[in-house]
Amino acid sequence: MRFAKYHGLGNDFLVVDLRSASAADATAVQAPEAVIALCDRQFGVGGDGVLAVLPSASADARMRVLNSDGSEAEMCGNGLRCVVKELHDRGGLRTPELAIETGAGRLTCAIDATGGLAHSVTVAMGKPRLLRGEIPMSGPPAERCIEQPLEIAGASRPITCVSMGNPHAIAFVGSRDEAYRLATTVGTLVEHHAWFPRRTNAEFACVKSRDEIDLIVWERGCGITLACGTGACATAVAAVVTGRADEGRPIRVNLLGGSLEITVQPGLSGVAMKGPAIHVFDGELDLSALQPRPR
């Protein structure tokens with residue numbers, strides 16, 4: 001079974017095109033124990049997750065996001081750009097626009113290509129969801145969580161919560177260094193906080209100007225990650241709704257692995273994410289030869 005290794009700003013994945021695979025092979029490579037072994041950076045290939053590309057009755061293809069801990073995420077912005085590049089460049093779908101079915105719905109992706117190869121993808125990420133019941137999180141389901149104090153490790157910190165098809169809790173801080181320190185020390189506590197029944201991604205953001213944000217992400221199921229597309233979108237939305245940035249204007253979001261361009265559409269009617277996708281190498285999987293990490 002062929003796989004392709006990709007990254008979006010250092011957020012790296014094994015992309016496995018299962019559109020014509022046998023049912024047995026497709027099931028085997030998506031099993032949690034196989035995903036964990038494949039993503040192990042010492043005993044496997046290494047990656048933040050496995051992206052399974054599957055047939056779709058409503059779009060050009062369906063993407064399933066399997067985190068490195070074997071859990072499934074509803075959506076992954078960086079991963080989606082990688083899947084679109086794979087389908088465009090080598091998957092027989094050489095059109096300037098693709099529609100991909102995800103756990104967050106059917107998303108349209110516009111491709112910038114040079115010499116027949118995609119170099120960046122702009123994803124129409126859909127409307128952000130701000131109600132507690134949509135995120136989901138505890139509390140009155142029809143209310144928003146905007147700058148609400150969250151008790152973590154004996155301290156209270158205001159957070160704003162947004163769903164981009166997956167949950168995000170965003171805290172604004174004074175510097176990039178503070179953002180990194182908090183992500184590494186309390187990120188896991190935010191992820192597993194009782195407010196979030198499906199856990200959450202945790203973002204720690206420093207607003208440099210109304211057009212630029214530094215961001216460190218603790219990704220649900222992965223930990224500190226070099227980039228998170230949905231996290232960048234959620235953070236831009238949180239900056240707009242708290243008055244730190246403006247809708248309708250591109251916002252540069254700087255992550256550990258590079259920058260994304262995020263535009264929050266007027267009236268929170270949608271979010272556009274533009275960024276690169278890089279093919280690293282190809283390989284072949286022999287699932288029978290996978291060796292799980294010794295316990």
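The second largest pocket comes to about 190 Å³. A pocket here is an open set of points on a 1 Å grid over the protein atoms alone, with protein on both sides within 12 Å along at least five of seven lines. Lining residues have an atom within 4 Å of a point. The volume is the space filled by probe spheres set on the points, which are joined across faces, edges and corners.

A word on the source. This is a predicted model, where local features need pLDDT of at least 70 and side-chain atom pairs count only at pLDDT 80 or more, while totals for chains, interfaces and linings use all residues. Residues are numbered from 1 along each chain as its sequence is written, and side-chain values use heavy atoms, with hydrogens and water left out.

Of its 16 lining residues, Ile152, Arg157, Leu182, Val186 and Phe204 are the closest to the centre. Strand S10 gives the largest share of the lining, 4 residues. By class, the lining has 13 nonpolar, 1 polar and 2 charged residues. Nonpolar means Ala, Val, Leu, Ile, Met, Phe, Trp, Tyr, Cys and Pro; charged means Asp, Glu, Lys and Arg; the others, Gly among them, are polar.

Next, the largest pocket, at about 220 Å³. Its lining includes Glu33, Asp40, Phe43, Arg293 and Arg295.

Now the cores. A nonpolar core joins buried Ala, Val, Leu, Ile, Met, Phe, Trp, Tyr and Cys residues through side-chain atoms within 4.5 Å. Buried is under 20% relative accessible area, exposed over 50%, partly exposed in between, with a 1.4 Å probe and protein chains only. The largest core has 59 residues, and Leu80, Ile100, Leu255 and Ile262 have the most contacts inside it. Helix H5, residues 229–241, supplies the largest share, 8 residues. A second, separate core of 20 residues includes Ile152 and Leu182.

Helix H3 spans residues 77–90. Helices are DSSP runs of H or I, at least four residues; strands are E runs, at least two; both are numbered from the N terminus. In H3, 13 of the 14 residues are buried, so the helix is largely enclosed by the rest of the structure. Glycine 92 follows H3, with a positive phi near 80°.

Last, cavities: sets of points where a 1.4 Å probe fits but cannot get out. There are 2 of 30 Å³ or more.

Notes. The expected span of a helix is 1.5 Å times one less than its number of residues.
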